[in-house]
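This report goes through one structure, from the contact between its chains to single residues. Please look over the sequence and the structure before reading on.

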Amino acid sequence: MSEKIHYFDHAATTPTHPEVVAAMLPYFTEHFGNPSSLYGLADESREAVDRARGQVAAALGASPAEIFFTAGGTESDNWALKGVALANREKGDHIITTAIEHHAILHTCEFLERQGFSVTYLPVDRYGMVDPAAVEAAITDRTVLVSVMTANNEVGTIQPIAAIGAVAHEHGVLFHTDAVQAVGNVPIDVDAMQIDLLSLSGHKFYGPKGTGALYIRDGVAIETLVHGGGQEKGRRAGTENLPGIVGLGAAIERACGDIPGHAARVAALRDRLLDGILERVPEVTLNGHPTERLPGNINISFAGIDGEALLTLLGMQGVCASTGSACSSGEEAPSHVLTAMGVPPALARASLRLSLGDLTTGADIDFLLDALPDAVARLRRLSRGHA
Amino acid sequence: MQFTETVMDHFTNPRNVGVLEDADAFVEVGSSECGDTTALYLKIEDDRIVDVRFRTLGCAAAIASSSMATEMIKGKSLEEAWALTNREVAAALGGLPEPKMHCSVLAEDAIRQAINAYREKQGLEPW
């Protein structure tokens with residue numbers, strides 16, 4: 001095993017930035033008061049939570065009163081879907097989403113179907129793009145919510161969110177977006193993009209794991225799922241994760257401070273890597289949209305190999321990446337996202353996701369451009385008997 | 001996923017890879033669980049496997065299982081090769097993580113199907 005790590009898995013998680021850790025530290029030991037307490041020690045905690053709420057709101061173009069802290073993107077997605085469905089049951093029982101959502105959305109929809117709701121799973125085109133006209137065609141007088149992710153976690157395709165939001169609102173339907181992969185990479189403005197609810201997760205933009213938020217537009221009817229104390233205006237009970245909330249606020253402020261600059265730096269590295277792969281390795285296919293994609297995402301299939309075997313070979317050299325299929329009993333293989341895009345099963349199993357970010361350097365790109373062609377050629381010789 | 005040193009050795013330096021142009025038996029088998037495929041070639045003399053080659057499209061466990069299985073059946077009689085189980089292949093690899101045990105089944109299936117293909121070619125009943 002190589003000692004040096006070449007990290008190409010920023011879509012899975014990111015390290016907590018040292019500035020974020022520094023912002024969090026005093027709230028473990030020094031300012032540890034429970035924000036719900038009445039004495040002076042709690043004042044600093046309350047102020048810190050309010051400050052973080054403002055930082056999240058500013059990043060989204062929202063007001064602080066519309067931000068609710070959660071334990072991450074999965075909880076935010078669950079709350080948005082179940083909460084809106086339950087609170088609006090008398091208006092309707094139909095939800096529209098897409099076939100390429102994260103399992104936090106898809107499994108929640110399956111749960112709601114078992115509770116009597118109906119769900120339309122919209123198809124996508126070969127690039128993983130949702131057609132706003134298809135959203136409109138699927139809306140019925142029983143539809144209460146449209147949920148479409150801002151950017152896909154596997155192939156990076158960025159959806160026409162403003163157009164989809166406009167379609168939903170023309171029909172009086174609420175619009176939720178899972179923006180877990182988008183925040184920090186794509187500018188977000190909940191008003192301009194006509195978003196009513198938005199999920200985000202701290203550890204995707206160099207914040208701490210186990211932190212997240214749900215943006216809920218003022219006036220949206222949503223049921224409470226976590227009952228207990230009166231935290232978060234009585235909508236999400238439980239003692240606040242004070243250091244985590246402080247870290248989330250610091251991380252989103254940092255990540256959204258210069259999105260164009262960050263995106264340009266990462267996209268330049270990504271393009272160099274992609275061009276290099278296409279030049280050096282034959283029989284490869286780029287999955288996802290050629291231009292409307294996250295700056296740090298490459299999802300590519302290498303005909304004639306198994307993606308997991310490629311990951312194992314690269315892993316021996318310290319490369320951390322991801323694949324769209326896992327050869328394990330009980331796993332869904334290949335990826336539901338690639339399948340929905342019409343990628344043939346053999347190519348879906350041969351996929352590799354490389355997600356770049358703050359940790360990626362030019363030296364990492366050079367290393368991978370050296371290692372990848374050899375690894376692919378080696379596996380192709382094994383599987384096809386090529387000389 | 002954590003593999004044993006033996007698995008990693010057979011994955012990175014697989015034995016008996018390739019094609020036997022004059023094979024007496026050839027099969028290509030696939031796993032319905034994960035889409036792995038193995039092509040197996042046997043050269044048989046006097047009911048004994050004198051040479052064997054494979055090509056596998058699959059994960060590290062599938063490739064290592066194929067490699068180890070070919071090592072284990074080379075020189076064996078068809079009866080002895082038929083008796084080889086996937087658990088013996090996995091044990092020879094120092095063990096496989098439970099979610100990967102099905103990869104060793106692919107090797108067992110390939111050997112048995114190849115032996116039956118040979119028997120049928122000889123006008124014998126398949127085992």
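## The interface between the chains

B:Lys100 and A:Glu308 are joined by a salt bridge between their side chains, with a nitrogen to oxygen distance of 2.6 Å. The model is a predicted one, and the count of salt bridges between chain A and chain B is 1. Polar contacts across this interface involve 3 residue pairs, with both residues at pLDDT 80 or more.

On the chain A side, helix H10 (307-315) and helix H13 (362-384) each supply at least two of the residues that touch chain B. The largest share comes from H13(A), with 6 residues. Sorted by class, the side of chain A that touches chain B holds 7 nonpolar, 6 polar and 6 charged residues. In total, 19 residues of chain A are in contact with 22 residues of chain B. About 1600 Å² is buried between the two chains, and carbon and sulfur atoms give 64% of that area.

## Annotated binding-site residues

An unreviewed UniProt entry carries the annotation "binding site" for A:Gly73, A:Thr74, A:Asn153, A:Gln181, A:Ser201, A:Gly202, A:His203 and A:Thr239. These residues do not all gather at one spot, because they span 167 residues in sequence and the farthest two C-alpha atoms are 30.4 Å apart.

A:Gly73 belongs to helix H4 (residues 73-87) of chain A. The relative accessible area of A:Gly73 is 8%, so this residue is buried. Apart from neighbours within four places in sequence, A:Gly73 contacts A:Val180, A:Ser199, A:Leu200 and A:Ser201. One of these, A:Ser201, also carries the UniProt annotation.

A:Asn153 sits in the loop between strand S5 (143-147) and helix H7 (161-170) of chain A. With a relative accessibility of 14%, A:Asn153 counts as buried. Residues up to four places away in sequence aside, A:Asn153 touches A:Ala11, A:His102, A:Gln181, A:Asn297 and A:Arg353. Among them, A:Gln181 is another residue that the UniProt annotation covers.

## A:Asn152 and its surroundings

A:Asn152 is in the loop between S5 and H7 of chain A. Its relative accessible area is 0%, so A:Asn152 is buried. Neighbours within four places in sequence left aside, A:Asn152 is in contact with A:Ile100, A:Thr157, A:Gln181, A:Leu294 and A:Val337.

Two polar contacts involve the side chain of A:Asn152. One of its polar atoms lies 2.9 Å from the backbone oxygen of A:Ile100. The side chain of A:Asn152 also reaches the backbone nitrogen of A:Val155, at 2.9 Å. Along the chain, A:Asn152 and A:Ile100 are 52 residues apart, while their C-alpha atoms are separated by 7.4 Å.

## Residues with a positive phi

Most residues other than glycine have a negative phi. A:Glu232 is not a glycine, yet its phi is positive, at about 50°. A:Glu232 lies in the loop between strand S8 (212-216) and helix H8 (242-255) of chain A. At a relative accessibility of 6%, A:Glu232 counts as buried.

B:Asp47 also has a positive phi, near 60°, and is a residue other than glycine. The position of B:Asp47 is in the loop between strand S2 (37-45) and strand S3 (48-57) of chain B.

Methods: Residues numbered from 1 in each chain as written. Chains lettered and ligands numbered in written order. Predicted model: local features only at pLDDT ≥ 70, side-chain atom pairs only at ≥ 80, totals over all residues. Heavy atoms only, no water. Contact = heavy atoms within 4.5 Å. Buried area = accessible area lost by both parts, 1.4 Å probe. Salt bridge = Lys/Arg side-chain N within 4 Å of Asp/Glu carboxyl O. Polar contact = N/O pair within 3.5 Å; in protein donor to acceptor, adjacent residues only side chain to side chain. Helix = DSSP H or I, 4+ residues; strand = E, 2+ residues; numbered from the N terminus. Nonpolar A, V, L, I, M, F, W, Y, C, P; charged D, E, K, R; others polar. UniProt positions renumbered as here; feature names shortened; annotations may be inferred. Buried < 20%, exposed > 50% of the residue type's maximum accessible area, 1.4 Å probe, protein only.
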